[in-house]
Amino acid sequence: MTAASSRTAPSRTASARTASTEFVSTYEDVTRVRIEDPGRFARLAASRSRRTVADTDGAMMIIAADHPARGALGVGSRPHAMASRTELLDRLREALAVPGVDGVLGTADILEDLLVMGALEDKVVFASMNRGGLQGSSWEIEDRFTAYDAASIKASGFDGGKMLTRIDLEDDRTSFILEASANAVTDLARHELIAMVEPFLSSRPGGPGTKVANDLSPEAVIKSIHIAQGLGATSAYTWLKLPAVEDMERVMDATTLPTLILGGDPAEDDPVALRASWRQALDRPNVRGLVVGRTLLYPADDDVTAAVRASVDMVR
């Protein structure tokens with residue numbers, strides 16, 4: 001880790017300091033607030049200095065941190081890399097402090113830790129909604145909505161909700177997640193919040209009980225786009241979160257929806273080739289930025305700032 005990852009809160013702007021004096025600087029203090037003053041989280045959410053999607057320059061760099069809630073703690077060859085919450089928060093706060101980073105995607109536990117430490121000031125925030133498809137579980141494809149809902153996202157003053165929507169044509173439970181995602185899209189739109197849908201055509205190529213695999217062929221991604229963008233009573237507030245795959249010109253011709261490109265799997269992707277694929281995807285006019293987590297938070301050399309800065313340069 002670089003020097004910027006020390007366990008003191010990143011410096012805040014003058015407007016943030018005047019908006020609230022309730023931030024804390026240590027993780028021990030975060031725990032103390034949870035015991036003595038849990039209402040502080042709602043107060044800080046209400047007074048938070050906000051940057052909305054409309055305030056960005058048309059492209060966004062978002063740091064994703066919702067993997068642990070699905071039991072996915074591994075990064076590359078490190079199976080328990082994300083097991084330490086304090087280390088993850090160190091890395092997140094370092095990443096969010098890099099100029100040009102617009103915001104973060106996470107579950108309530110992570111977002112509230114960042115909130116009380118002042119790290120969400122002037123940031124776009126997306127809330128993760130369904131983390132019930134635990135990695136390696138027999139029901140993994142059925143990603144039940146176990147985190148934020150539209151009402152709580154609105155109450156927190158966040159910008160939208162993200163849902164993972166994996167589609168396995170041989171698993172009857174897929175019908176549940178399609179219906180649940182459609183309901184979430186409709187509910188978010190009623191609250192005028194972005195619905196960030198992350199679709200995949202998925203299967204268990206090794207048979208029942210084996211690992212879920214996503215089909216990243218252009219044809220499969222195109223099909224998943226058409227299914228995802230038809231979910232809900234309106235698509236007015238729907239964005240897509242998609243992988244960068246081959247033939248992105250043809251893939252992105254499948255939609256007019258704004259799209260953010262996801263980060264990929266550090267265990268499977270060549271870092272040089274992965275970044276090249278991001279650059280190619282960002283050339284498409286309806287691709288509006290990146291949502292990247294583990295690849296930037298846990299780079300091979302552990303230089304979070306350098307990894308994030310290189311990705312910001314691509315987006316800008």
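Colleague: What makes helix 3 and helix 5 roughly perpendicular to each other?

Modeller: Helix 3 and helix 5 pack at an angle of about 70°, with their axes 10 Å apart, where the axes are lines fitted to C-alpha atoms, for helices over the stretch in contact, and angles run from 0 to 180 degrees between N-to-C directions. Angles under 35 degrees count as roughly parallel, over 145 as roughly antiparallel, 65 to 115 as roughly perpendicular and the rest as oblique, and helix 3 and helix 5 are therefore roughly perpendicular. Helices here are DSSP runs (H or I, at least four residues), as are strands (E, at least two), numbered from the N terminus.

Colleague: How do you know that the buried residues of helix 3 line one face?

Modeller: The buried residues of helix 3 are Arg-40, Phe-41, Leu-44 and Ala-45, buried meaning under 20% relative accessible area, exposed over 50%, and partly exposed in between (1.4 Å probe, protein chains only). Seen down the axis of helix 3, they fall within an arc of 135°, so they line one face; the arc is that of the directions from the helix axis to the C-beta atoms. Ala-42 and Ala-46 are exposed on the other side of helix 3, while its buried residues pack against helix 2, helix 5 and helix 6.

Colleague: Why are the buried residues of helix 2 said to line one face?

Modeller: In helix 2 (residues 27-36), the buried residues are Tyr-27, Val-30 and Val-33. Down the axis of helix 2 they fall within an arc of 110°, so one face of the helix is lined by them. The face turned away carries the exposed residues Glu-28, Ile-35 and Glu-36, and the cover over the buried residues of helix 2 includes helix 3, helix 4 (85-96) and helix 5.

Colleague: Why is Ala-155 called exposed, and why is Ser-138 called partly exposed?

Modeller: Ala-155, in helix 6 (residues 150-156), has a relative accessibility of 64% and therefore counts as exposed. Ser-138, in the loop between strand 3 (124-128) and helix 6, has a relative accessible area of 48%, so the term for it is partly exposed.

Colleague: What makes helix 10 roughly parallel to helix 12?

Modeller: Helix 10 (residues 271-282) and helix 12 (residues 304-315) pack at an angle of about 25°, with their axes 10 Å apart, which means that helix 10 is roughly parallel to helix 12. The residues of their contact divide into six nonpolar, one polar and two charged.

Colleague: What should I keep in mind about the values themselves?

Modeller: This is a predicted model, in which local features need pLDDT of at least 70 and side-chain atom pairs count only at pLDDT 80 or more, while totals for chains, interfaces and linings use all residues. Residues are numbered from 1 along each chain as its sequence is written, and side-chain values use heavy atoms, with hydrogens and water left out.

Conventions: Contact means heavy atoms within 4.5 Å. Ala, Val, Leu, Ile, Met, Phe, Trp, Tyr, Cys and Pro count as nonpolar, Asp, Glu, Lys and Arg as charged, and the others, Gly among them, as polar.
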